[in-house]
Amino acid sequence: MSEVVKVSARDGVAVVEVCNPPVNALSQAVRQGLVDAMARVASDDGIQAAILIGAGRTFPAGADIREFDAPAQEPHLPDVCNAIENCPKPVVACLHGTALGGGYEIALAAHARLATPGTRVGLPEIGLGVMPGAGGTQRLPRLVAVEDALSMILSGAPVDAAKTREKGYVDGIVEGDLASAGITFAKSLVGKPLKPVGARRERFSDGFGYQAAVDAARREAGEDASRARRAIIDCIEAAPLLPFDQGLALERDHFLELRETVEAKALRHVFLATRLAVKPRPDLPEPANVSQVAIFGGGLMGSGITVSCLDAGFSVIVIEQPEALERTRARVGGIYDRAVERGRLSPQMRDERLSRLSVDAEKSAIASADLILEAVPDDRDLKAQLFRDIAAHAKPGAILATNTSYLDVDDLAETSGRPQDFVGLHFFSPAHVQQAMEVVVGRETSALTEATAFAFGNAIKKKPVRSENAEGFIGNRVLTAYRRAADYLLEDGASPSEIDAAMRAFGFKMGPYQVLDMAGLDISWARRKRLGEATAEGTRYVRIGDAMCEAGRFGQKTAKGYYRYEEGSRTPLTDPEATAIIDRERAAKGVTPREISSEEIQRTCLIAMMNEGGKLLDESVAERAGDIDILMILGLGFPREKGGPMKAAELAGLLGQLRDLETWSKEDVFWTPSKALKNAVKNGSQF
Ligand code: T1G
């Protein structure tokens, strides 16, 4: 008897239950258990039918993603599906929770499907850079309209089975006990001719309409559609044209190829690394309860954080200057009005959220808050004074949090007089959209405070990642290294537009100089001056950014920075004045500009980010390489399909290439290899 697939019998019907928490993933043991269970159903004369059901929270939610980086083990999921479909007795899949991917595919192989209200079914494989690999592209178009099959598989979005019951994703919705209903339904099929889904063709009766839908999907996917997208359309197109087993074989071939692609490896890394990153450390206590949040500062960040808290059900009080109170309320209301206009929120939901918002000019209004967060300008003295005031009004045990991007969390904790209650919660702009959030743990931050900060971050649907208190924490440290590498390339001969084009080709939505022009060159200029980087020993310092600022070129806000901008336009245009500044700075450094390829630009920037990540691991600022990847993807635009700087470098084979690197120029500070990098290069392993 399998530990993860339990078989019992009720009224002559086998109850085949998957017990593999937390989501009944179809691991090798589960697949073996299901194949064995189907063999027993077929051979046991005491059994007339069977139901498949999931224990706990859900019907199987898919293949076990953790097995994907190892060679596929038998029985493969298509074998399981075929064992179900070819069972000589009726098999009814009883769905609840989220029947996704391979989980929904085994349900599609059953002779019928029942679901409880709220059950979601879907084939989200494209989000992992692959496609259904166990019959989804061949069975689903036999059960639902081809347009619905194309939409479900190409979007990867699950559907609510009850709300779409007329479409055929399931055969019935069960209000009462699922297993009992399944058994009754299965018994009703006994003695009747079975129609395996693979043998059904009624959905193919309109050949022209079917092909037209496929052609439309292909057109919509476009010439530069991903391999997965093209393969999905090809397989759905083939479903009515090929014998069923050949259609399955075509699908399986495509799936096995896709599984080995860099994109697929990167995306499953992101899936698993995200879930690891947001977990608080195992030794932390249960978090304290937080229901009321106080936020100082109703500006861009403060209002974004306010919206995240209101969305999550918290009551929020925003403390602002008297003259800014209405502006704050209007800013938060405006975010919600836009959500209502876009149909993402009903007016009632907006009003309910806003009913939990209050604004006040008095610091004493925070007296009952469980968590107090400041999102005021990043000025040390301003924040220090604010925390002294906060400490005077905050109730004992309230969490005190700073949203600073780079100030010393321990210093601010000290000024609060309650360092054990103090933590950094660094959001990324725009805060109501970006999921990344750094939980910056100070020297004296208590375990309870850290646990509560993680619980709060997860509650407001962020991805909290732990960072020790260090300059730039994690995300901005890696971003600074990226920008430093870009500046080296700029000084060596590449233009801003060449560098930006190369990094967009890599997968960033915007290149580093476009981002700098948008954010404002003066911000990083102030940071460089604060850190005295221009005079730091032993590091190569590129003055081009400073020269731009000295010429009053702060970016879009001054209609000129690395680019120039026409009145009212954000389109970056090459500017001879900027080029002249770059040429002058190169000449001052005695640099003879050279041609630099897009590949070298991408490789240099990637190595810089990966190596800085290695230093963060050396210094134990970041706990895991995956944490760095998640922050860069969710907070700073690193392309998800590359997996983050650490995974991208590994998948690009850079660790192996770096093994051949003879010298590490002492000037190029980011070439000073981190210990983590040296270990990874030496062992040929990942981080
Ligand atoms: N494999 C392994 N572990 C999984 C898993 C999976 N498919 N799905 C979830 N987990 C783990 C997850 O790592 C976490 O572990 C715990 O379950 C809770 O997950 C052949 C090839 C089901 C909607 O893409 O979308 O089938 O951290 O935190 O927010 O065609 O998990 O507790 O140790 O996300 O409530 C297709 C992926 C796979 C579904 C639940 N299936 N999972 O969300 O919990 S490919 C998917 C999800 C495939 C076949 C193809 C979500 C969820 P831990 P969670 P949640």
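Strand β4 covers residues 91-95, and five of its five residues are buried, so the strand is largely enclosed by the rest of the structure. The model is predicted.

- Buried here means under 20% relative accessible area.
- β4 pairs with strand β3, residues 49-54. The pairing is parallel and runs over four bridges.
- Which residue faces Cys-94 of β4? Ile-53 stands opposite Cys-94.

**A three-stranded sheet**

- Strands of a sheet pair through backbone hydrogen bonds, either parallel or antiparallel.
- Three strands form an open sheet in the order β5-β7-β8, and the pairing is mixed.
- β5 and β8 (159-160) stand at the edges with a single partner strand each, so one side of each has no neighbour in the sheet.
- β5 runs parallel to strand β7, residues 120-122, and three bridges join the two.
- Within this pair, Leu-100 stands opposite Gly-122 in β7.

**The ligand and its shell**

- How many residues surround the ligand? The shell holds 26 residues. The closest are Arg-57, Glu-105, Glu-125, Arg-275 and Lys-279.
- By type, the shell divides into 14 nonpolar, five polar and seven charged residues.
- Three elements each supply at least two residues of the shell: β5 (98-100), α3 (102-109) and α10 (262-277).
- Arg-57 reaches the ligand with its side chain: one of its N or O atoms is 2.3 Å from a ligand oxygen atom.
- Ala-63 uses its backbone instead, with an N or O atom 2.8 Å from an oxygen atom of the ligand.
- Gly-133 also places a backbone N or O atom by a ligand oxygen, at 2.9 Å.
- On its own, the ligand has 990 Å² of accessible area, and the protein covers 76% of that.

**Domains**

- The domain assignment gives domain 1 (5-259), domain 2 (292-473) and domain 3 (494-593).
- How far apart are the C-alpha centres of domain 2 and domain 3? They lie 32 Å apart.

**Two buried charged residues**

- Arg and Lys both count as charged.
- Arg-586 lies in helix α22, residues 576-588. Is Arg-586 buried or exposed? Arg-586 is buried, because its relative accessible area is 8%.
- A polar atom of the Arg-586 side chain lies 3.4 Å from the backbone oxygen of Gly-493.
- Lys-89 lies in the loop between α2 (77-85) and β4. Its relative accessibility is 13%, so Lys-89 counts as buried.
- Lys-89 and Glu-600 are 511 residues apart along the chain. Their C-alpha atoms are separated by 61 Å.

**Cis peptide bonds**

- The peptide bond from Pro-21 to Pro-22 is cis, with omega near 10°. Pro-22 lies in the loop between β2 (13-18) and α1 (28-43).
- The peptide bond from Glu-74 to Pro-75 is cis as well, with omega near -10°. Pro-75 lies in the loop between β3 and α2.

**Positive phi outside glycine**

- Lys-461 is not a glycine, yet its phi is positive, near 60°. This residue is found in the loop between α16 (447-459) and β17 (463-468).
- Is Lys-461 buried or exposed? Lys-461 counts as exposed, because its relative accessibility is 63%.
- Ser-620 has a positive phi of about 60°, and it is not a glycine either. Ser-620 is found in the loop between α23 (598-618) and α24 (625-636).
- Ser-620 has a relative accessible area of 45%, so it is partly exposed.

Methods: Residues are numbered from 1 along each chain as its sequence is written. This is a predicted model: local features need pLDDT of at least 70, side-chain atom pairs count only at pLDDT 80 or more; totals for chains, interfaces and linings use all residues. Side-chain values use heavy atoms; hydrogens and water are left out. A residue is near a molecule or strand if one of its heavy atoms lies within 4 Å of it. A polar contact is a pair of N or O atoms within 3.5 Å; within protein, one must be able to donate a hydrogen and the other to accept it, and residues adjacent in sequence count only if both atoms are side-chain atoms. Accessible areas come from the Shrake-Rupley method with a 1.4 Å probe; for residues, only the protein chains shown count as cover. Domain bounds come from an automatic or database domain assignment. Buried means under 20% relative accessible area, exposed over 50%, partly exposed in between (1.4 Å probe, protein chains only). Two strands pair if DSSP finds at least two bridges between them.
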